[in-house]
Every structure is written in C-alpha cells, then in structure tokens.
Amino acid sequence: MSWTIASLRQHLQAALAVEHATIPPYFTAWISIKDNTNIAAAEIIRSVMLEEMLHLTLAANLLNAVGGTPSLTHQGFVPRYPHRLPFSGDRFDIDIERFSKRALRTFLAIERPEGPRAKPEAKKFHTIAQFYAAVRDGIDELCERHGERKVFTGKAARQIRPDAYYGAGTIVVVAGRDSAHRAIAEVCEQGEGVHDSVFDADHNVTGSGKEPAHYYRFQQLLKGREYRKGDTPKAGPTGARIEVDFRAVHPITPNARATDYPKGSPIRGALEAFGHGYGQLLASLEGAYNGAPDRLTEAIARMFALRDQARALMQTPSGDGRNTVGLDFTPPRAG
Amino acid sequence: MSAHYDAVIVGGGVMGALVARVLSQAGKSVLILEAGIEGAMNPDTYRQYLQTLYTEGWWRGLPNGPYPWNASAPSPGIPSPPNGAAYPYYQYATNLHFLSDYLRMLGGTTLHWQGTSMRLVPNDFRMRSAYGQAENWPITYDDLEPAYRRAEAELGVSADVEDQRIFGVWFPEGYVYPMHRMPQSRVDRFFDGALQGKTVKLAGGTYPLKVISIPVARNSTPNPTYNLGEGYDAVPAASDRDQGQRCQGNSVCMPICPVQAKYTALKTIALLARQPTVVIRTQSVASKLLIDKESGRITGVEYKRYDKPGSPTFALETAHGTLVVLAANAIENATLLLASNAANSSGQVGRNLMDHPYLYVWGLAKSRVFPFRGPDTTSGVESLRDGQFRKVHASFRASLSNWGWSGEPGNTIKTLLQANIYGKALRAQLADQMTRMVKIGFMFEQLPSADNRVTIDQRYRDGLGNYRPVLSYQYQDYSLKGIEAAVNTVWPAITGYAGIENKTSYPAGAPGYQHVAYNGAGYNLMGSGHIVGTHRMGSHRKDSVTDRNMKSWDHPNLYVVGTGNQVTIGTANPTLTGAALSIRAADAMLQDLR
C-alpha cells in the first residue's frame, strides 16, 4: 500500500480508538476488586490502565504532529461491548466484566506479544504491534517522499507536554520523525516488551526499575507468581507468590446497559449519569488534545468522580438476586 | 572486626537521609542507625497504617496515633497498651506539658507531617540586633539561602516565588520553585478577597492582613522553567512509580497521604537504598557515644539492636565512623548527648526547647465557602511574621484551614440531634452550616529559654533501658502577649472585614488542649509538632552546642544536625530550615572527609 498524509492521519485516529477501547474493561476489572483485597492484582491492572492512558495521549501527540485533529466524542468512539478489538485478528471479544480468570485471559489476548517474525502487512493487522510497525513505516515512507517538514505540519502548541501530563512512563513531544519513532517505541515496549524479554524498556527511560510488559504483568496473576530479573517468557515467573482471591470481587453484571433497566428507575438514572460523565471525560480529553492541554486537569477530576460512581454502582444489587449493577460507558446521544 | 564508615548517622528520618544523600553522592560510605522499625517503608505496611488511620484514628489520636507502639523505641503520642495513655513516653518536670510529638520509625516524623515548607525570614536570624530579643544566629539568611534551594529540590516544594518575597526573603535572579504553587482553595479566595488592602494595628504600628499561598512539599504541577529550563520530575511514591506524582485532593494529607504525593523521607531513603555505599540498619537504638578522653573524638556509637519490637532483649553493638552525625530529632539528639555526657561544655544541651504554641479560632461565614476539600491548608495570613511589634510580643502566622471546624460533621450532627432536628431539616441545617465553616490556626513565635529543656533522670527509662526525655516547658509572656494580640485584635479584624460570625470559645478541660490563663482570659493551646532548639548553634563555644557548620565545639568529629540547631524558631514550620541546615552541615562533613 502507498501511504498518504490522509491515510496516516486515519491510522493514527484508529490508534486512538484502539488504545481507548482497552480502558473501560481494565477500569471495570480494577474497580470490581473489593477494597483492601487483591492488592497486587489491583495495582497491576491499574498500572496497565494508566499506561494505556499514556498510549492514548501519545497517539494524540502523533496525530497532532502530522496535522490531524484527534476526535474522541464522535458517535461510536466508545465501542459497544462485547467489542471485537481492531487489529487483533478477529480472534476474541472484549467484555465489560468483573476481575476473573476469564477477564485475565481476555487481557492476555489483548496484550499478546508479536511473534519475532511477524511483519507489518498491507491491510490486515494481527497484533497492535504490527499496526504500529506499519504506521512507523508509513511515517518513514512519507518523510522520504515529501521531506520531514511536509509531514510534521502540526502546531507545537497542540502537543501534550510533560508538565501537563503525569502518569506511568514518559510522555513524548512529537516534533518530527525521530520523536515519532520514540513515541511509537514507548507504546510498543510498554505493551509488549522488548524482543524476547519479559520486561519493558522503561528502566532505560525513567531509571525507575524494571517492570514486566503488560502481557507478562497480567500473566503473573494467572500463574500466582511474580516475574523477577532473569526470568524468560518460556520458563515463566519464578519470583514471589502473588495471592489472588477471585471471590473478593463485586459480582457485577457483564456488559450492563442502562436500557436494561426501566426508564425513571434509580439504577437507570445512575447508569445514565455514569455514561454522561464518561462522555464529559472524553470531551475534556478531546479539548486537551485540541490545543487546550490545561483541560487535562478537568479530565482528571472527572476520572475521580467516575471512580466513585463506579464503586457505588458495583455495590448496588441489580435486582436479579445474584449480581450487582455493572457499568455502561456509553455516552448519551447528542441532541 | 566491624566495618568502618566515613560517617555513622544516628536517625533515619529526613535530616539523616539528606545528610546520607549528600555524602553518598560524593562516594562516601554511610551507615544509618534507625531506632524504629522499617514500618512504612514496606508498601503493605504503609497501607495498613492508612487503614488504622481511617478506622481507629478517631480514638488513637493524631498525628501519631496510626503508628504502632514500640516499647523498644517508643514515640510520644502513640497510645501504648494496655491503658492507651496518650503520652506515655515523655516524663514531665513541670505542670505544663510539651504537646508536640515525633515518630521513631524509618522515615521519621515526615511520616505524619503536614509538609509546609516556607523559609525563615532574614530577621529571624538576627532577633537580638533587630528587636533586642533572644540571640542572633551565627549565620544569616544569606548564608543559608543556597541550602534552602537544595532542600526545596530534595523535598519537592510547590510554591510561587513572587508570593514568598516577604520581609526581605530573597531568591537568586530567575529562581523558581520545583513545582507551581498548589491551586488556591475557595476558602483561600474568600479570605483573600475580604482582606485585600485591609490592615490591623499591633503595638502601635499598622500592618497589612495579606493572604498568600503556602509553600508545601507536596507534588503539584512541575514548573518547566525550573533550573534554567531543565524542569523538575515530581517524585512518585517510594514504592510505586504510578502513585503520587500529583496531589489528588484526597483531603487526608495529615498524618498520611494515601498516594504519597506529600514528601516523606521514604522517598529519599528509596534513592539511598540504590546506593552501594549506604547501609541502613533499623531496630538499632543508639544508646551511647564512646569518647576518647584525650582527643575528644567520638570513637564509636554504641547501639542496642533488637529483633522483636517490645522485647526487652537486645544485642549491644558498636558502629565506627570517621564522622558521627546525630540526626535523631531535637529531643532525641539532646537525650543521647546527655546520656553520653557529650558536647555539653556549654551546659546548653537540652535547653532552649521551642515549639509554636498553636491556637484555633473559628466561625461561620455569611456565604458558602465550601470547606472540607483539598489539602488541609493552602494559604495563610503571612503578613504578621515580622515587624517592629516583635520588640513587644511574638510574631505569628495564621494558617487558613480548608477543612472547616475540628471534629466535624460529628459535632454539628450531635448538636442538631440534641435539639430534636431530624430528616430533611437536619440535612438542610447541616448543608447550611458545614459549607460556611471557617477556621484559622494561629502559630506563635516562642523565644529560647534556658528553663524550657530536655533532661534525663536515672528513674525514667524505656523498654531497652535507654533514657526517656524529661521535659520542662512554659509559655513566656512574649508568646502569651502575641496570643492576646491575635485573639483580641487580629481575629476580630478578620471577622469584621470578612463578615464572619465568631464561634470561638476556650472551655477549660476540653480534651486534647492545654488550657492556659493569661490576663483574665483562657486559651486552649496545642503543640505544632515543631520541635526546635535543644542543641543551638552559635559563634562561641561557651553559649552554644555546635558551630556555624553544626559541628560540636567539644568533639572534632561529631555533627549534630536538624532543627535542634535553630537559635530562634521564628514563624516558619521548621522542617525545611532543618533540611537546609543538614545539607549545609553535610557540605562541611565532605570538607572534613577530604
């Protein structure tokens, strides 16, 4: 395939969508863990979720750098779960569900590392890493064809900078081909690891100690054991035991929908309020990614509000005699 | 044969950790002896203390209550089993009590501090010359200024330089704090608006009532222009890089920030733990300095190493260092020096114990100010920290509380229920009152006094047989006159300008306070936790314990660091000044170790 600036922007907008699509399921699994239980599991899921938020922001920086306009509020940006993740080879669906072995297997599928010989393909991507590798090649191709300055036409003021962003890993300000490569490397290494290693590359960047890449971080919870230095993917983790209690979890309804509950009922109202809040969060982020980085502060306040709303929903009986209410991230339709 | 270190540091709190950081960065070997347990350094234990705060803090007492009693290295302010006496560690030699505490655990008292980190003002260093009170320090503000900047980097201080240029406090051209000031609360803006351009009369002079932001060692937004554009990386939690890069407004802050956005010495210790030349030994209580009679050199630090907190058994070991550094808090430093009969040719060890007597005033604003959100305090009335009135009475600062009145909403609910108000009326009244609650904490200057002191007594020992501090403490007229001025003049001026209905009263016998009568009025005082002055620095060996570099006059290889060196207390919360002093002392140690 031959790249154009327009197709590069389309791919980077798709990157925003795919990075975002993992956040609701991770958030749900994290919040479903009861207070003061499964501390290692909660920390691991939260840490991966934070890195997905970083990746979302890096994707926005990449898109802005090539003169694009990140969009997070258009109809359908929040997928309807169960959701088939793009660039995953159509192998599995993602649900909005409680922390469980089943959820962990889905998370492993999301984060599965690319095989060593997997090459970027023209149209169909089997892993997210393949997709990013293709984007990187696209950037190179366009730079060679048009020159770097004709590709990276975005305004510097639209970049999210380290003083505006905090969280796991390093925000990369994208100003050209080299920094674009660095941003993509940050995404791929945190997510899928480096070559044959269990550990991601963050220690090189931040000096803050090694952490297993997402796939292996989740795998520790299924294996009940931590990876430690020297462990290989093949041999598995040999570090300290991790206690996981799959019963200490709120029994939430999977893929809940506000519309499952009667109009005017308190649960419907609370779920709609949650969806509305989620829509507002995306609007704040979209604003931040479109020239108003200060709006990240507003987004963070909304995240905390959503956390508290989610906790309340997960402790509210759904009425089926077994489960509690789940989460519905769908923002209300405009108008 | 035991190892020999370049420096043996007694105390694993902020002062010891900062000295270790400076020394180890220069490649020096360091042993830190920490009396307490590793405790909060372990993330699971940190979380457990936080839970204790949430579930039992209300009866265990604050700020030290969430931490466990340890009979082998006791801390004041922690209820001890079985009877739960609140201050089982101090022994008092006076009717009045010293009400401030500290924590003996790795990380020290920064595990419960507020984080407030303003500098002293220049006249605090020269009270004798400026106002004929107390003594001058052997160093000036100008001497300490570079170390203040380094302390602000280590602690991660968020503040605004323009706000802090008061009373001659200066910064080098282009300096900015590592992080922007904390956002100002609605309470702050309410007071700021009401007091714009307003003044008050004190001791015949007229002074502004000016609200400014408070520097605090809490992660806000890093300032990209810090350090000539290099910027500043906010230091996350000691054990979790994904936590604490920013204050989240959990409104817990003190004693325990749930995410470690507030600085604790654990963050510095986490950095030290990666240095191969640093050894940290916990559960090791220094009990005696060994002194060579001829040279006066400290030849070793005898310490009691215990396996199990509370067990009376221990191993007696000796640590050896070219230099010995006491960094164990002002009261513990004094106790250890007295127990070792060391550094006391001046007779000043343990004397000049100071704190900021603390007094609340409170009332109801006419309109809603929405307290109970954000960090406990983000601004203060800082314009009365210096002035000619200091010839007559104490200066003070007024810390604006973002957390409404104390003991709420419990007290208001109880009062309303007793008045038979229930249901919707109860909710309406609560919403009306809670949203209008304002409170100010006044902190008063105290002068050094030879009679406010730490001593030791054969009869009073702890679980390992070490001396417990015996404390004598009084409030002088100088402070009490300042309290009078605050309550009779400043607070009425503020309530008048801001339209606040005063609700303050000081009933005798209120639990948690020390009721003090003065000129026919009574005040319920507390401590501020600002423990200062027990081994003052000076220009002459006859009237001070340490020299301008905090080296003992009597022992050529002994340094005593931290807030105990302060000649005066001024009105700044002292940790930042103690940190700057400790960094300055560490520079002098490096000269000695050349």
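This is a predicted model: local features need pLDDT of at least 70, side-chain atom pairs count only at pLDDT 80 or more; totals for chains, interfaces and linings use all residues.
## Helix pairs in chain A

A second pair in chain A is formed by helix α2 (residues 23-32) and α3(A), which pack at an angle of about 155° with their axes 9 Å apart. By the cut-off of 145 degrees, α2(A) is therefore roughly antiparallel to α3(A). Here α2(A) passes α3(A) in a left-handed crossing. The contact draws on I23(A), Y26(A), F27(A), A29(A) and W30(A) of α2(A). Facing them in α3(A) are A42(A), I45(A), R46(A), V48(A), M49(A), E52(A) and M53(A). Of the residues in the contact of α2(A) with α3(A), 10 are nonpolar and two are charged, and no polar residues take part.

## Chain A as a whole

Chain A contains 11 helices and two strands. Read from the N terminus, the order of its elements is α-α-α-β-β-α-α-α-α-α-α-α-α.

For 335 residues, a compact globule would have a radius of gyration near 20 Å; chain A has 20 Å, so the two values agree. The C-alpha trace of chain A spans about 65 × 55 × 35 Å along its principal axes. Of the 335 residues in chain A, 43% are buried. Taking the contacts in chain A between residues at least 6 apart in sequence, 64% join residues at least 24 apart.

## Where chain A touches chain B

The contact between the chains involves 11 residues from chain A and 11 residues from chain B. On the side of chain A that touches chain B, helix α3 (residues 39-65) of chain A supplies the largest share, three residues. By class, that side of chain A is made up of five nonpolar, four polar and two charged residues.

## Chain B as a whole

Chain B has 13 helices and 20 strands. A compact globule of 594 residues would have a radius of gyration near 25 Å; the value for chain B is 23 Å, which agrees. Along its principal axes, the C-alpha trace of chain B spans about 75 × 55 × 50 Å.

Among the 594 residues of chain B, 54% count as buried. Of the contacts in chain B with a separation of 6 or more, 72% are between residues 24 or more positions apart.

## A helix pair in chain B

Helix α10 (residues 410-418) of chain B packs with helix α11 (residues 423-434) of chain B at an angle of about 140°, and their axes are 11 Å apart. The crossing in which α10(B) passes α11(B) is right-handed.

In α10(B), the residues in the contact are T412(B), I413(B) and L416(B). They meet L426(B), Q429(B), L430(B), Q433(B) and M434(B) in α11(B). The contact of α10(B) with α11(B) has five nonpolar and three polar residues, and no charged residues.

## The surroundings of Y263(B)

Y263(B) lies in the loop between α7 (226-229) and α8 (265-272) of chain B. A residue is buried if 20 or more other C-beta atoms lie within 10 Å of its own. Y263(B) has 26 C-beta neighbours inside 10 Å and therefore counts as buried.

Leaving aside residues up to four places away in sequence, Y263(B) touches T110(B), G115(B), L155(B), G156(B), A217(B) and R218(B). The C-alpha atoms of Y263(B) and V157(B) are separated by 8.7 Å, although the two residues are 106 residues apart along the chain.

Definitions and conventions
Residues are numbered from 1 along each chain as its sequence is written. Chains are lettered from A and ligands numbered from 1 in the order in which they are written. Two residues are in contact if their C-beta atoms, placed from the backbone, lie within 7 Å. Helices (H or I, at least four residues) and strands (E, at least two) are DSSP runs, numbered from the N terminus. Ala, Val, Leu, Ile, Met, Phe, Trp, Tyr, Cys and Pro count as nonpolar, Asp, Glu, Lys and Arg as charged, and the others, Gly among them, as polar. Axes are lines fitted to C-alpha atoms, for helices over the stretch in contact, and angles run from 0 to 180 degrees between N-to-C directions. A crossing is left-handed if the near helix is turned anticlockwise from the far one by less than a right angle, and right-handed if clockwise. The radius of gyration is taken over C-alpha atoms; the globule rule is 2.2 Å times the number of residues to the power 0.38. A residue is buried if 20 or more other C-beta atoms lie within 10 Å of its own, exposed if 12 or fewer, and partly exposed in between; C-beta atoms are placed from the backbone. Angles under 35 degrees count as roughly parallel, over 145 as roughly antiparallel, 65 to 115 as roughly perpendicular and the rest as oblique.
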